[in-house]
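Morning, everyone. I have one structure to walk through, residue by residue. Please look at the screen.

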Amino acid sequence: MDRSLISPECDRYPQFAQPLKLGVLASGSGSNFEALLDSIAAGKLHAHINVLIYNNPGAKAAARAGRWGIPAILLNHRDYPRREELDAAIVETLKEHGVQWVIMAGWMRIVTEVLLSAFPNRVINIHPSLLPSFRGVRAIEQALDARVKITGCTVHLAALEVDTGPILVQAAVPILPDDTPETLHARVQIQEHRIFPQGIALAAQKYGVDGIV
């Protein structure tokens with residue numbers, strides 16, 4: 001892992017000749033999705049979100065997209081018998097919208113080689129723990145159950161094995177004696193919103209705008 005990339009205190013973002021063309025996948029509220037939009041609007045992340053894909057009909061992320069004028073497309077995973085079929089539909093939609101980078105912002109589906117091979121080194125995930133600790137679902141609860149003193153969040157390139165892949169940036173969050181899953185999640189989320197856009201910019205700097213080393 002390149003330790004030089006783990007610098008969450010840095011407010012400088014790499015800039016590019018043209019804005020990065022992002023496609024965002026979200027399953028729920030979309031708070032990380034909107035944090036990216038805020039960063040773009042503030043001139044920090046040099047990017048444009050071309051499309052949001054969501055898989056749950058009631059996902060609040062779709063309403064956030066509407067407020068920002070971002071196309072929001074429902075691809076309900078329940079309509080696809082196999083994960084590969086869902087990912088094929090996702091790839092088709094992303095390519096129709098000219099996407100370069102795929103951003104999983106609370107995407108609660110396991111991705112397959114279909115998506116990863118279509119966007120090599122260009123699928124980015126955020127996870128609420130300091131990977132490689134506490135992979136998978138309920139990472140906040142895992143940290144509390146383990147009685148560790150520090151947890152955090154990680155931006156990383158996605159890989160076939162869940163919550164693996166090269167780490168781009170991390171931020172630590174102390175666990176307080178009276179923390180509940182809700183209070184800890186709220187503090188972790190603050191750091192997610194801060195480092196997610198930075199991680200995307202660092203990935204494009206490291207792997208090239210088109211994801212080719």
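Start with contacts, meaning heavy atoms within 4.5 Å. Not counting residues up to four places away in sequence, Ser-27 touches Asn-55, Asn-56, Ala-59, Gly-106, Trp-107 and Met-108. Before going on, the ground rules. This is a predicted model, where local features need pLDDT of at least 70, side-chain atom pairs count only at pLDDT 80 or more, and totals for chains, interfaces and linings use all residues. Residues are numbered from 1 along each chain as its sequence is written, and side-chain values use heavy atoms, with hydrogens and water left out.

Where is Ser-27 placed? In the loop between β1 (20-26) and α1 (31-41). Helices (H or I, at least four residues) and strands (E, at least two) are DSSP runs, numbered from the N terminus. Ser-27 is buried, at 7% relative accessible area. Buried means under 20%, exposed over 50%, partly exposed in between, with a 1.4 Å probe and protein chains only. The Ser-27 side chain also reaches the backbone nitrogen of Met-108, at 2.9 Å.

Next, Ala-158. This residue lies in the loop between β6 (150-157) and β7 (167-174). Buried or exposed, Ala-158? Buried, with a relative accessible area of 17%. Leaving aside neighbours within four places in sequence, Ala-158 is in contact with Met-104, Leu-116, Val-123 and Thr-164. Ala-158 and Ile-124 are 34 residues apart in sequence, yet 5.5 Å apart in space, C-alpha to C-alpha.

Last, the ring. The charged end of Lys-206 sits over the ring of Tyr-207, 5.8 Å from its centre. That label needs NZ of Lys or CZ of Arg within 6 Å of the ring centre and within 35 degrees of the ring normal.

Technical notes:
A polar contact is a pair of N or O atoms within 3.5 Å; within protein, one must be able to donate a hydrogen and the other to accept it, and residues adjacent in sequence count only if both atoms are side-chain atoms.
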